[in-house]
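I'm jotting down what I looked up, in the order I looked.

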Amino acid sequence: IDLSMGKLIRVIKASPERIDAFCKHYDRCGGCKFQHWQSDKYQEWKRNLLIEALAAKGLKPDVGALIDAHGVGRRRVSLHVREIKGVWSAGFMEQKSHDLIAIDFCPVLVPGLQNAMPLAAAFGLPLGACDVAITAADSGLDVTVKAERKAVPRRLDVLNDIARQHGIQRLTINGEIFVASSSPVMHIGKANVALPVTSFLQATRQGEETVATLVLEHVKGMKHVADLFCGIGPFALRIAEKAKVYAADNDKLAIASLQMAVRNTQGLKPLTAQARELFREPLTPLELNVFDAVVVDPPRAGADAQARNLAKSKVKRVVMVSCDVMTFARDAAILVAGGYVLRSMTPVDQFKWTGHLEMVGVFER
């Protein structure tokens, strides 16, 4: 190993735990870097990431088995497009490098994204070096391009041809919607939700459904539930089939999509969705006290301010979802110091073969 770069140069003697990676780009790509590890040992290591982070904060809850939520693959991919020896190519950056590794096939993506590489590379000729994010929405492909060149009139025919050839439902270039036959739609419970440009979405369908199922189990029987950092409503819309819901998020476009979905969906209990800057304006203890349970699903930075107000509240149950073990442990310690007991933890592996982990914790007074 080259310790200065953290790269494997060659294997002198293979560990008994080493297996053959299934991706031909594994040795250079900076993505799924644990493909070489036996499944049981990999799962043990990943579960221990959570256990050790909690232990560092003095917390030793019951941690369940790691749930594999990769499903049929990841439904989102971000690709870099660069010119290599006169050819526009798409791929990922090499580990610890700014060198592009051209990829012709990525085995961890859903079938609907298996043509993502030629699709992304096609933008190189009209737009130059660019970054292309592609989402396989339930209704079609949503493509967002950040490019060094603008979509000026002389390039419009080429860009329209790309969109038509690859069946792109919506194409956004440098923040402006260029092609939109209709808004890409995600099916959530009974609802169809229009996906805002660049809005957050769980990496895999099975990941979303697994976490949502855990959340629903933990708020079962509750009559009034808050869903904070709700996004487009993967929890709120499902909870609202049984309980009254208040949902809030910093993302105004996500809230607008959620509000529209609520208006167009029958069979839901009252669901109020509000755009609110939860980092600067978290719900106060007085506001929180009206809820039987609160679900919190913050971004990687965690929910420090909201956790502090929850610790001062009388809410009986808090269900916290997180994608970062360190900020989860920090926020969990705040709740425990405020009188909560961390009853259970469930680690969920939707970013399989990486060091990223999703988790669901249940806190009770």
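Predicted model: local features only at pLDDT ≥ 70, side-chain atom pairs only at ≥ 80, totals over all residues.

Started with lysine 24, which forms a salt bridge with aspartate 104; the closest N and O atoms are 2.9 Å apart. My rule for a salt bridge: a side-chain nitrogen of Lys or Arg within 4 Å of a carboxyl oxygen of Asp or Glu. This pair links distant parts of the chain, 80 residues apart: lysine 24 sits in the segment before helix 1 (39-55), and aspartate 104 in the loop between strand 5 (100-102) and helix 2 (116-121). Helices (H or I, at least four residues) and strands (E, at least two) are DSSP runs, numbered from the N terminus.

Residues are numbered from 1 along each chain as its sequence is written, and side-chain values use heavy atoms, with hydrogens and water left out.

Next I checked accessibility for that pair. I call a residue buried under 20% relative accessible area, exposed over 50%, and partly exposed in between (1.4 Å probe, protein chains only). Lysine 24 is exposed because its relative accessibility is 58%. Aspartate 104 comes out at 46%, so I put it down as partly exposed.

How many salt bridges does the rule give? I get 20 salt bridges.

Then arginine 82 and aspartate 131: their side chains meet in a salt bridge at 3.6 Å, N to O. Arginine 82 is in strand 3 (residues 76-84) and aspartate 131 in strand 6 (residues 130-136), so I noted another link between distant parts of the chain, 49 residues apart. Arginine 82 has 26% relative accessibility and is therefore partly exposed. Aspartate 131, at 30%, is partly exposed.

Moved on to glutamate 364, which forms a salt bridge with arginine 317, closest N and O atoms 2.4 Å apart. Glutamate 364 lies in strand 18 (residues 358-364) and arginine 317 in strand 16 (residues 317-322), so the pair ties together parts 47 residues apart in sequence. Buried or exposed, glutamate 364 and arginine 317? Both are buried.

I also found a network: salt bridges that share partners join Arg75, Asp138, Arg205, Glu208, Glu209 and Arg238.

Last stop, aspartate 331 in helix 10 (residues 325-337). Aspartate 331 counts as buried because its relative accessibility is 1%. Contact here means heavy atoms within 4.5 Å. Leaving aside neighbours within four places in sequence, aspartate 331 is in contact with Gly302, Ala303, Asp304, Ala307 and Met320.
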